[in-house]
2 protein chains.
Amino acid sequence: MATEVPTIQDVARVAGVSTATVSRALSNPERVSDSARRKVLEAVEKTGYVVNEAARNLRQQRANAIGVIAPDLSNPFFSSIIAGIEQIAGPNGFGVLVTESSMTGQGAFDHASLLASARVDGFVVLDGQMDLSRLRNRSKGLSQVPVVSACEYPEDSPAPSVTVDNAGGAEKAVRHLVDLGHTKIGHITGPRGNILTTTRLEGFRAALQSMGLPVHEDFILPGDFNLEAGKLAAEIWRTMEDRPTAMFCASDQQAFGFISQLSRQGFSVPEDVSVIGFDDIEVSGFFVPALTTISQPRLELGRMAARMLLDRINGQSHREGLHPQLDVTLVVRDSTAAPVAA
Amino acid sequence: MATEVPTIQDVARVAGVSTATVSRALSNPERVSDSARRKVLEAVEKTGYVVNEAARNLRQQRANAIGVIAPDLSNPFFSSIIAGIEQIAGPNGFGVLVTESSMTGQGAFDHASLLASARVDGFVVLDGQMDLSRLRNRSKGLSQVPVVSACEYPEDSPAPSVTVDNAGGAEKAVRHLVDLGHTKIGHITGPRGNILTTTRLEGFRAALQSMGLPVHEDFILPGDFNLEAGKLAAEIWRTMEDRPTAMFCASDQQAFGFISQLSRQGFSVPEDVSVIGFDDIEVSGFFVPALTTISQPRLELGRMAARMLLDRINGQSHREGLHPQLDVTLVVRDSTAAPVAA
DNA sequence: CAAAGCCCTGCAATCGATTACAACATCTAG
DNA sequence: CTAGATGTTGTAATCGATTGCAGGGCTTTG
């Protein structure tokens, strides 16, 4: 029963043709005669032949796979992007190799080289913290590999990237709150040093100013994108003497943490404070209260990144420095409302 | 600048040794002399050499990679398991290839063969719906590949699997509700035909009976694991004349959908109805109200599956039919309470 | 001092596919 | 009828690493 795995030689023997013909019949069907093609297909069926990717990759000098370096796989935000990458890569015959960059203390280095060389034809990097230039300088082998950053991108990277309009999203959030009548608007930021953090914060500041509102530095609370950060921020908010009546959160998860902790303390949203998030992850519409947020096209982000990477792999080199920016949209739900009169 | 990728030949030339020595110096350092090893390492450094995985895989007849077939990447439940797989696979020198089985109408077939042959050394299958035996019969090539099912497993599969104690979890959930004083307990099931659905449902029934409570068939609502299903179930609950005072939901997401829709309709949890979920995904502790649920060791699930698969790949064949079952725990939070007196 | 054993190294075969090239058959046009 | 074009096929080189085998040098032992 446990027979050998059939090779192209076996197929050729069964079909009564050469291996060259088998190979051609499978990859360029129009280049062989009808009769040969039929014989080959029958033989493939009979033997249960599946091409050996390692041999093909070696010969063709390409892996038919792309690597994805994600900071945190269990974050639903990233997994959606990965799903988008899959949607493009799969049908194009590319496998998707996923690694979590947080895995080693060293950063993603060992994993990157694990994936390196003939293993993948390129990378999509979802981790803005990762030092791409170091990665590329690591070895000649790696420096050849095309890279596309998605979502977060290192500021100085020459690699193409696809992002969303973070500043614009922040502005839409602020405008929504202002339209509702808020004037005391706070912000919980993302983690320090993250490009998303800074662009959203800048967008927040710029929006307030353009609407003629002052920026209270006290209303800007340092945070992170996760649930815990929102909880911590809620504790700070509670202790403030002069509280903002609305908070713009850097992520939906953060907003959940914030709301959760507040309601545990007897406050309610949006009565005591309006909350708006960023991301529009799936559960946001089902939170209590349903979360008003800035919706990112996460799947499209992944799809576009994959498309760009595949193009580069296939030699249609976009000029370096291509940085498309996708639009975000405001989704109004139940966590924002007009402020109650003081 | 855009030089060729260095090969082992280049390293050998620079180091002044044969390729055999380079290969040995890198994979069996103790088998070469100190001086040779030093020369090789220097040459590697100088050239920036990275091994070509395709060539190695071809020669060694192994891919140093495992495939994961998941039903839905954007579901945080699965991505946690994948993270666990990664944690074991990575340090052992294995890459992780992820595919979404929902991707093709045909099921995961094309993807499976995409991954097949020398591309991966084995699979972890997270999709219980997938017809494993068909997959294995597809070709001789595939039938050789070791497979481990995790979480969901096809009932008749001979493949080893790692699961959690779903029936036990259901029982813990019911017991908790009974302890609180509930007697009218309902259940929203998972999707039809899913093994998790049936074991949890059976566990639910068995638990009620063992505690001397009747099973109201009307209180068992058909559902799915997602948010929408919970919302639908809430609509049914609302219209019931004799309503259960507590609901055991087949997943946390479902519970969120249920609670969300109820509160939108002016009901509140746990005052009007207690709700308990299953999974304990990250956000559950931050929901409003924080969700009482059955916690699954998701990371450990992935880690164990990866360990079992790696063992099989390395020839330490567990006897076929090994099916470890991990324990689940009850996590009491705020979505359950004693029923209000009628 | 010779035989046996060990360590280290290099030669060359090998993994399984793809593909350049050449050979051959068949067809077309002059 | 023949030169040339066209279409189909097979031969064999090739991708880059690993590894069985054999040989050379050195040490140990009788």
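**Ground rules.** Residues count from 1 along each chain as its sequence is written, and chains are lettered from A in the order in which they are written. As the model is predicted, I took local features only at pLDDT of at least 70 and side-chain atom pairs only at pLDDT 80 or more, while totals for chains, interfaces and linings use all residues.

**DNA strand C.** I looked up what surrounds the strand, calling a residue near if its C-beta atom, placed from the backbone, lies within 6 Å. There are 26 such residues, and A:Thr7, A:Ile8, A:Ala20, A:Ser23 and A:Ala55 come nearest. Helices H1 (8–15), H2 (19–27) and H4 (53–60) of chain A each give two or more residues, as do H2 (19–27) and H4 (53–60) of chain B. H2(A) has the largest share, six residues. (Helices are DSSP runs of H or I, at least four residues; strands are E runs, at least two; both are numbered from the N terminus.)

**Sheet in chain B.** I traced an open, mixed sheet of six strands in the order E7-E6-E8-E9-E10-E12; strands pair if DSSP finds at least two bridges between them. E7 (220–221) and E12 (329–331) of chain B stand at the edges with a single partner strand each, so one side of each lacks a neighbour in the sheet. E8 (246–249) and E9 (274–279) of chain B run parallel over three bridges, with B:Phe248 bridged to B:Ile276.

**Sheet in chain A.** I found an open sheet of six strands here too, in the order E7-E6-E8-E9-E10-E12 with mixed pairing. E6 (185–188) and E8 (246–249) of chain A pair in parallel over four bridges, and A:His187 stands opposite A:Phe248.
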